[in-house]
Amino acid sequence: MTTPKAGLSACLLAIVLALSACAVIPHKKDDATISKVAANEQTAVEVFERYTRVLKSARELGDSQPLSTVDDETVLAIDSGSFEVAQRAASKNKSGLPEGEILASWAPRLKKYPLWFLLRVKDESRDTIKMQLFEKKSAASQWLLASTPEMLPTTKLPEIASKDGTLVPVDESDSRGMDLDAKQALKYYVAALNTPDSPSAAKVLDDGFRRQMRDAVATEKALKGVTFSQQWGSEGIDHSVRTSDGGALVFSTLLRRDTYDVKKGLSVTWPDGSPQKTFLGKEISKSGSLNFYHQILLYVPGSDGGVPRVLGQFGGVVGAKGD
Amino acid sequence: MRAKAGLSIMLAGVVVALFGAAVMAVLGPDGRVISGPHRIKTDGVAVVTAPPTLSWAGVRIGVLAEVPVNKPVFVGLGNSLDVQNYLAKTARYQIDSYHTPWNLKAREVKGEVENLPSAPTALDWWLAQGAGLGGASISTRLPDETVSLAILAIGSSNLTGLRVSVAYEVHGGFALGAGLVLLGVAGVLFGRMYRAGRSPWVDGHTTEDHEPIDEDDQYGADEESVEYVYVDADGTEHVVGADELVDYELVDADQDDDGERR
């Protein structure tokens with residue numbers, strides 16, 4: 001049989017519990033590690049929208065100048081080159097106005113700057129899928145687009161691994177789960193571009209990018225009275241992330257130099273609107289060289305998943321020298 | 001044994017109640033403790049806490065920074081990764097440890113430059129920020145991530161004459177104190193009842209195994225006086241005491257329909 005005493009006890013207990021629930025109990029932090037998730041989803045969207053606004057404005061103006069506020073050095077060089085080509089050809093940038101849609105975003109938890117995050121974006125104007133990597137070099141700087149390799153909509157992107165909701169960066173010399181580490185894979189890929197029949201070339205896939213470059217070389221070599229050569233190098237690995245199969249997606253920038261040596265007494269001209277004409281002038285009679293940047297997305301599969309291959313690229317002329 | 005346990009419970013209740021009362025007295029109805037203003041002697045542009053300094057989470061802090069002659073000043077709380085990177089090259093006054101109410105271990109850290117790399121108000125990573133002329137303040141709850149507090153001069157100004165006040169607020173702390181007082185009181189009551197061998201849930205004594213005593217046994221146990229009613233042949237009722245029963249030659253009421261127990 002319950003009594004007023006029991007009721008009083010129950011009331012006291014209820015009040016204590018209710019009052020305790022109102023309080024946020026201060027506690028000593030378990031972990032003093034300094035780290036942060038590079039960007040939350042809202043930040044990623046804001047950065048992308050700002051980038052799209054500026055790119056749209058630049059394309060409407062036909063001027064790459066505004067892009068210096070949203071593009072990192074390499075992307076800016078490529079964009080400036082394409083704007084210059086378009087300007088010399090007296091046409092607006094043919095890429096059309098940007099209409100991007102974020103399909104997915106990933107960010108790592110980092111312990112130091114630079115911070116970076118990754119977006120998979122559908123570009124309606126170019127009918128491509130872009131893997132855009134935005135980077136913030138210091139706490140006082142802006143988010144800039146650091147890499148933007150493009151893929152065909154049909155290209156299958158490996159699933160990106162995540163841990164505690166954040167993507168997992170992979171050190172360039174970390175070969176765990178892979179037959180090759182990212183650094184080695186990149187080295188073999190560059191060797192394959194320089195010498196397609198080298199032993200290194202067999203260690204990477206003869207993918208669409210390699211075939212495209214080989215075809216371009218064949219075309220240029222067909223020029224009569226001109227000795228053409230192409231050299232490749234790499235600026236190293238920007239970032240790489242773990243994929244669910246234990247492999248890695250590697251963001252890197254390749255350098256390409258196309259050199260033309262013209263036989264004495266001859267001169268070479270290129271069609272209007274071509275990068276060669278834009279950067280080397282009307283004609284060259286001795287020699288000329290064009291420098292390109294190619295931002296690539298290199299996939300290094302997990303063990304037994306095949307050989308490394310390039311899934312996407314974004315590149316263009318960034319400089320020239322000729323006489 | 002029961003008496004000792006009951007006493008222990010009562011003592012624990014008293015301790016809890018006193019602690020709760022102390023919490024209420026220290027925090028007050030608004031749940032805040034205020035310390036300051038305190039002078040910080042620096043001519044630089046930045047005062048910052050080192051990462052381990054703010055080692056608590058869940059407590060709400062208020063910081064008011066005041067500088068003379070209406071100089072512009074900024075107060076911000078940010079992830080230590082951001083704050084450290086932002087001030088990496090700037091000469092600064094760094095607080096390495098802090099204990100309430102105002103016990104600092106601090107030092108001047110030489111930097112490559114005397115000024116800030118960019119205006120603090122233009123940065124998007126502050127978790128809480130405030131700026132103003134002559135004074136600025138923030139009020140925010142310390143998060144679980146590692147954070148640093150920064151007081152910064154804006155523009156070409158400096159922090160000479162800086163005075164800082166700090167307030168701590170435990171959200172619901174006063175209520176928590178009140179809850180502890182009530183819990184303590186409940187403990188004392190329970191201890192007292194337990195000591196007396198009474199259950200807090202029923203009104204009566206308990207046996208050793210805490211089962212209620214049978215009602216009849218209760219009557220039997222009481223030393224109450226028993227009276228009997230005797231109805232004579234004329235139908236008249238007579239009340240007689242137990243000691244008078246022998247005069248009337250009556251038997252116990254339970255065995256005799258002519259008598260009833262009252």
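In the predicted model, helix α4 (residues 182–194) of chain A packs against helix α5 (residues 208–221) of chain A at an angle of about 25°, and the two axes lie 10 Å apart. Angles under 35 degrees count as roughly parallel; α4(A) and α5(A) are therefore roughly parallel to each other. The crossing of α4(A) past α5(A) is right-handed. On the α4(A) side, the contact is formed by A:Tyr189, A:Ala192 and A:Leu193, and on the α5(A) side by A:Phe209, A:Arg210 and A:Met213. Of the residues in this contact between α4(A) and α5(A), five are nonpolar, none is polar and one is charged.

A:Gln231 is part of strand β11 (residues 226–242) of chain A. Its C-alpha atom is separated by 9.8 Å from that of A:Ala191, a residue 40 positions away along the chain. When residues up to four places away in sequence are not counted, A:Gln231 touches A:Asn194, A:Leu255, A:Arg256 and A:Arg257.

Confidence was examined for the model and for chain B. The model has an ipTM of 0.83 and a pTM of 0.77. For chain B the average pLDDT is 83, with 83% of the residues scoring at least 70. Within chain B, residues 206–213 have a pLDDT below 50, and this stretch makes nine contacts in the model beyond near neighbours in sequence. Residues 215–222 of chain B also stay under 50 in pLDDT, and for them the model has two contacts beyond four places in sequence.

How values were computed. Residues are numbered from 1 along each chain as its sequence is written. Chains are lettered from A and ligands numbered from 1 in the order in which they are written. This is a predicted model: local features need pLDDT of at least 70, side-chain atom pairs count only at pLDDT 80 or more; totals for chains, interfaces and linings use all residues. Side-chain values use heavy atoms; hydrogens and water are left out. Axes are lines fitted to C-alpha atoms, for helices over the stretch in contact, and angles run from 0 to 180 degrees between N-to-C directions. Helices (H or I, at least four residues) and strands (E, at least two) are DSSP runs, numbered from the N terminus. Angles under 35 degrees count as roughly parallel, over 145 as roughly antiparallel, 65 to 115 as roughly perpendicular and the rest as oblique. A crossing is left-handed if the near helix is turned anticlockwise from the far one by less than a right angle, and right-handed if clockwise. Contact means heavy atoms within 4.5 Å. Ala, Val, Leu, Ile, Met, Phe, Trp, Tyr, Cys and Pro count as nonpolar, Asp, Glu, Lys and Arg as charged, and the others, Gly among them, as polar. pLDDT is the predictor's confidence in each residue, from 0 to 100.
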